[in-house]
Amino acid sequence: MGMKTKIALGAVVGVAVIGALSANAGDSDGDAGSDDRTSASAGEKPGNAKAGDDAGKDGASDAEPAEDKAEEKASQAERFKAFVQKNGTPKEKDAVSHVTKVQGADEQNDILDSADVYTDFTGGIMGEGTGPAKLIASAFADWKDSENGLVTIYDADGELLGNGQF
């Protein structure tokens, strides 16, 4: 019986080692992928520098990188408002004009995405912002798409106004 126990224990340890190695192999692939993204980002910077070098020759080339940088520096709330101003209904535009801050819209993985939208409404769930909160959530769902996303709308005091899926 002692020999069978040793063999069984050896098999369990062997399976555990194989599992650990395969898990680490997956991690190294993920790290390589993130390194690729980092190097791609680094690769973009010289491209922008090159465009800046060309800007001295052509004034039109200088305006395009500046516009791209302005869009990148815009806050999530500003980008959300701009999207709704371009694509939203009049009621959505009015509701979104009360948005003061958006968090979590850029970090999506389609597993469990959550975003928070803060407004200048007051009174919590019994206040004036409950109706517009549904419009804001609907507009957010048009702006961002996730397989399993939840957007939560808050008032000026941080109290819940509503939520919706996106």
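Two strands count as paired here if DSSP finds at least two bridges between them. With that in hand, here are some close-ups of this predicted model.

**View 1. The hairpin of strand 3 and strand 4.** Strand 3 (residues 149-154) runs antiparallel to strand 4 (residues 160-165), and five bridges pair them. Look for Val151, whose bridge partner in strand 4 is Gly164. Five residues sit between the strands, and in this hairpin Gly158 takes a positive phi near 85 degrees.

**View 2. Arg79, Asp106 and Lys144 in a network of salt bridges.** Arg79 and Asp106 meet through their side chains at 2.8 Å, N to O. As for cover, Lys144 counts as buried at 18% relative accessibility, while Asp106 is partly exposed at 43% and Arg79 is partly exposed at 27%.

**View 3. A nonpolar surface patch.** Ile125, Met126 and Leu160 make this patch of about 350 Å². Ile125 comes from the loop between strand 2 (113-119) and helix 5 (130-143).

**View 4. Helix 1, where confidence is lowest.** Helix 1 (residues 2-55) has a mean pLDDT of 51, whereas strand 1 (residues 99-103) has the highest, at 97. Over residues 27-64 the pLDDT is below 50, and this stretch has four contacts beyond near neighbours in sequence.

Key: Residues numbered from 1 in each chain as written. Predicted model: local features only at pLDDT ≥ 70, side-chain atom pairs only at ≥ 80, totals over all residues. Heavy atoms only, no water. Patch = residues over 30% accessible without salt bridge, like charges linked within 9 Å, V, L, I, M, F, W, Y side chains within 5 Å. Areas by Shrake-Rupley, 256 points an atom, 1.4 Å probe, with all protein chains shown as cover. Salt bridge = Lys/Arg side-chain N within 4 Å of Asp/Glu carboxyl O. Helix = DSSP H or I, 4+ residues; strand = E, 2+ residues; numbered from the N terminus. pLDDT = per-residue confidence, 0-100. Contact = heavy atoms within 4.5 Å. Buried < 20%, exposed > 50% of the residue type's maximum accessible area, 1.4 Å probe, protein only.
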